[in-house]
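This briefing goes through one protein chain by topic. Please keep the sequence and the structure at hand while reading.

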Amino acid sequence: MNLSEKRLFLFDIDGTLALGDKLFEGTRELLEYINRIGGSSFFITNNSTKGGADYVKRFRESFGLETTPEQFVTSGFMMKKFLLETYKDKRIYVQGTKSYLSELSSEGLLVTDEILPKPDCVVVAYDSEITYEKVSKTCLLLQQYSLPFYATNPDLRCPVDGGFIPDCGAICDMITSTTDKVPIYLGKPNPDMVTLCQKLSGFDASQTLVVGDRLYTDIACGLQAGVDTCLLLTGEASRADISTTEFPPDVIFDTVGDLLQAIDK
Ligand SMILES: [Mg+2]
């Protein structure tokens, strides 16, 4: 792979370019480099709780970086887009936060958290308001009817101060253990995120690089999309994980700064 031929860069955010309010050294310079060569940067993230506008604000206020909402492709956005294309005017059962349900309704989608009347599909999103009653309802619904089952993202855990808390994948694992139903995930590693960015930017697969810190989402996404992948060791994966993973990256660097050095030499 020739890194200097890459024009479309698809970045994971947390653990890859930044952590919390801290922008990693080299991120700003790499984004400037991509602008200079006429390339495109997109931020593909499995966080379904924030939209493009929230991210533009976070990048400006926390990092002093100017971006546009279109540069942020989230699993929540991919779900919304998919539902608008496929389930417009259909009944969509959603297990998620109140704000996610109202965000989907505001697009004109017929969203419900009731089992009856029978919905046309089941959607599970990251849900910080989860209750035993909500999960039980979803499980019963999936067993009573054979409904298409979708979820935003397969991440098992999110890093917070002091450790990890359950993410959408862990919530879905509980549902799968109970019902034997496995969701289709719209976020990474679903390659549609990559395809969408290629369509928006006009760059092709050979010009695309997916950059991330997690093997089973970020790197798997690039592999499924048939593009080159770069693992950075500033987040979840360690060098020891690489020998055992089923998702081997094409290149590995310690930091985003090391990636820039390798491209711009
Ligand atoms: Mg990450």
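Helices and strands are DSSP runs, of at least four and at least two residues respectively, numbered from the N terminus. On that numbering, P117 sits in the loop between strand 7 and strand 8. The model is predicted. The domain assignment gives domain 1 (3–46 + 188–263) and domain 2 (76–185).

**Domains**

- The centres of domain 1 and domain 2, taken over C-alpha atoms, are 27 Å apart.
- Contacts between the domains involve six residues of domain 1 and five residues of domain 2.
- D264 counts as partly exposed because it has 13 C-beta neighbours inside 10 Å.

- Six strands form an open sheet in the order 5-4-1-13-14-15, with parallel pairing.
- Strand 5 (72–74) and strand 15 (251–253) are the edge strands, each pairing on one side only.
- From one strand to the next, the twist averages 25°.
- Strand 1 (residues 8–11) is covered on both faces, with L8 and L10 buried on one side and F9 and F11 buried on the other.
- Strand 1 pairs in the parallel sense with strand 4 over four bridges, and with strand 13 (residues 208–212) over four bridges.
- F11 has F43 as its bridge partner in strand 4 and V211 as its bridge partner in strand 13.
- Strand 14 (residues 228–232) is joined to strand 15 by three bridges in the parallel sense, and L232 has F253 as its bridge partner in strand 15.

**F43**

- F43 belongs to strand 4 (residues 40–45).
- F43 is buried because 20 other C-beta atoms lie within 10 Å.
- Beyond its neighbours within four places in sequence, F43 contacts F11, I13, Y55, Q71 and F72.
- The C-alpha atoms of F43 and S146 are separated by 35 Å, and the two residues are 103 apart along the chain.

**Strand 6 and strand 7**

- Four of the five residues of strand 6 are buried, so this strand is largely enclosed by the rest of the structure.
- Strand 6 pairs with strand 7 (residues 110–112) in the parallel sense over three bridges.
- I92 has V111 as its bridge partner in strand 7.

**Helix 3**

- Helix 3 (residues 75–86) has 12 residues, which should span 16 Å at 1.5 Å a residue, and its end C-alpha atoms are 16 Å apart, in agreement.
- Its buried residues are S75, G76, F77, M78, M79, K80 and L83.
- The buried residues of helix 3 pack against strand 5, strand 6, helix 4 (98–106), strand 8, strand 9 and helix 7 (192–201).

**Helix 5**

- Helix 5 (residues 132–144) has 13 residues and reaches 18 Å from first to last C-alpha, close to the 18 Å expected at 1.5 Å a residue.
- T138, L141 and L142 are the buried residues of helix 5.
- These residues lie on the same side of helix 5 because they cover an arc of only 95° around the axis.
- An α-helix has 3.6 residues a turn, so residues three or four places apart point the same way.
- The buried residues of helix 5 pack against strand 6 (91–95), strand 8 (121–124), strand 9 (149–151) and helix 6 (168–179).
- Exposed residues Y132, E133, S136, Q143 and Q144 are on the face of helix 5 turned away from its buried side.

**Backbone features in loops**

- The peptide bond from L116 to P117 is cis, with omega near -10°.
- The peptide bond from K188 to P189 is also cis, with omega near 10°; P189 is in the loop between strand 12 (184–185) and helix 7.
- D89, in the loop between helix 3 and strand 6, has a positive phi near 65° and is not a glycine.
- D89 counts as exposed because it has 8 C-beta neighbours inside 10 Å, and the cut-off for exposed is 12 or fewer.
- D180, in the loop between helix 6 and strand 12, has a positive phi of about 65° and is not a glycine.
- D180 counts as exposed because it has 9 C-beta neighbours inside 10 Å.

Note on methods: Residues numbered from 1 in each chain as written. Predicted model: local features only at pLDDT ≥ 70, side-chain atom pairs only at ≥ 80, totals over all residues. Expected span 1.5 Å × (residues − 1). Arc of directions from axis to C-beta. Contact = placed C-beta atoms within 7 Å. Pairing = 2+ DSSP bridges. Axes fitted to C-alpha atoms, helices over the stretch in contact; angles between N-to-C directions. Domains from an automatic or database assignment.
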